[in-house]
Amino acid sequence: MIRAAGLTKRYGDQLAVDHADFTVEPGTVTGFLGPNGAGKSTTMRMILGLDYPTSGGVTVDGKPYRALPAPLREVGSLLDAKAVHGGRSAYNHLAYLAKSNRIPLKRVDDVIGLVGLEQVAKKRSKNFSLGMGQRLGIAAALLGDPGTLLFDEPVNGLDPEGIVWVRNLMKSLAAQGRTVFVSSHLMSEMALTADRVIVIGRGQIKADTTMRDFIGQNATTHVRVRSPHAGKLHELMTRSGWRVEALPDDDGALQVFGVTSDAVGDLAGQNGLWVHELAVVQPSLEEAFMSMTADSVEYHAGMPAAGPAGVEAR
């Protein structure tokens with residue numbers, strides 16, 4: 001279990017993490033979400049004792065990381081897959097970690113097989129692709145068979161097969177009763193992987209709840225309807241007191257909130273209007289995340305201007 005209480009970190013005048021309180025429970029995959037600059041990496045570094053809190057604290061199974069007698073056996077982490085001596089082979093990198101933590105060398109072969117690096121185990125890591133580097137980083141995190149695991153962007157650089165493998169790995173580790181804390185910007189993947197979610201924005205914890213409740217509280221189910229009579233249908237629905245929004249990039253499509261698809265279909269049918277599409281759209285994690293963190297985004301990019309025939313202006 002990871003527990004933070006009043007966790008705060010300042011860098012000069014910058015408040016990176018602001019009195020954060022949260023708990024990461026064992027037996028579940030907990031997603032750690034937030035915009036760039038929100039404080040995710042700083043929080044993870046403080047959990048691992050790489051940065052000292054300015055105030056407050058964070059413990060793993062009741063102890064600060066630095067007080068753990070055998071850290072790699074208790075906490076495994078992947079924060080930076082490039083943090084490997086490029087001249088060492090994958091095997092030697094893991095063997096060095098194993099010896100320094102009194103872990104049997106047989107475990108090196110086990111994790112190499114688990115992450116699928118058998119064919120390149122004796123090759124220098126500086127020649128590894130991004131995806132291979134991620135697999136090596138995951139192997140290092142698993143080396144001590146720890147009860148607590150932290151992963152920062154674990155699917156970065158992986159192909160679709162690798163992404164599915166990581167997803168299933170996270171779930172299986174949690175099913176074994178381990179604490180699994182995963183930071184990622186891939187909302188669609190987090191929605192499939194995480195049971196709970198902690199959201200941070202401008203250093204403050206914005207949410208700490210189940211994935212289902214977070215989406216339900218911050219996004220709205222709506223009905224999508226597409227009709228060649230969109231204008232008339234829009235008028236009828238508005239007259240009925242319904243909240244309706246047109247989709248400018250989709251000809252004839254409307255979003256209707258607070259009513260059922262049956263009600264929309266009945267209204268169209270009663271007025272002799274054709275409907276080409278009628279569907280209930282469930283809210284997504286991305287939608288909920290954008291709604292929750294709209295005021296916490298540090299950098300807002302504009303859309304590039306388009307030249308003739310859709311070519312971007314230079």
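These are my notebook entries on a few places I looked up in this structure.

**Ground rules.** I am working with a predicted model, where local features need pLDDT of at least 70, side-chain atom pairs count only at pLDDT 80 or more, and totals for chains, interfaces and linings use all residues. Residues are numbered from 1 along each chain as its sequence is written, and side-chain values use heavy atoms, with hydrogens and water left out.

**Entry 1: helix 3 and helix 5.** I began with helix 3 (residues 90-100) and helix 5 (residues 130-142), whose axes come within 10 Å and cross at roughly 25 degrees. Helices here are DSSP runs of H or I with at least four residues, strands are runs of E with at least two, and both are numbered from the N terminus. The axes are lines fitted to C-alpha atoms, for helices over the stretch in contact, with angles from 0 to 180 degrees between N-to-C directions. Helix 3 and helix 5 are therefore roughly parallel (angles under 35 degrees count as such).

Which residues make the contact? From helix 3 I noted Ala-90, His-93, Leu-94 and Leu-97, and from helix 5 Leu-136, Ala-139 and Ala-140 (contact means heavy atoms within 4.5 Å).

**Entry 2: the rest of helix 3.** I then listed the buried residues of helix 3: Ala-90, Tyr-91, His-93, Leu-94, Ala-95, Leu-97 and Ala-98 (buried means under 20% relative accessible area, with a 1.4 Å probe and protein chains only). They pack against helix 2 (71-74), helix 4 (106-115) and helix 5. Just after helix 3, I found Arg-102 with a positive phi of about 55 degrees.

**Entry 3: aromatic rings.** How many aromatic pairs does the structure hold? I found three; rings of Phe, Tyr and Trp (its six-membered ring) pair if their centres lie within 6.5 Å. Phe-22 and Phe-32 form a tilted pair, 6.3 Å centre to centre with 35 degrees between the planes (planes under 30 degrees apart count as stacked, over 60 as edge-to-face and the rest as tilted). Phe-22 lies in strand 2 (residues 14-24) and Phe-32 in strand 3 (residues 29-33), so this pair ties together parts 10 residues apart in sequence. Both Phe-22 and Phe-32 are buried. Ring pairs link Phe-22, Phe-32 and Phe-181 into a cluster.

**Entry 4: Leu-233.** My last stop was Leu-233, in helix 9 (residues 230-239). Is Leu-233 buried or exposed? I have it as buried, because its relative accessibility is 0%. Leaving aside residues up to four places away in sequence, Leu-233 touches Val-225, Ser-227, Leu-254, Ala-268 and Leu-273.

Methods. Parallel < 35°, antiparallel > 145°, perpendicular 65-115°, else oblique. Buried < 20%, exposed > 50% of the residue type's maximum accessible area, 1.4 Å probe, protein only.
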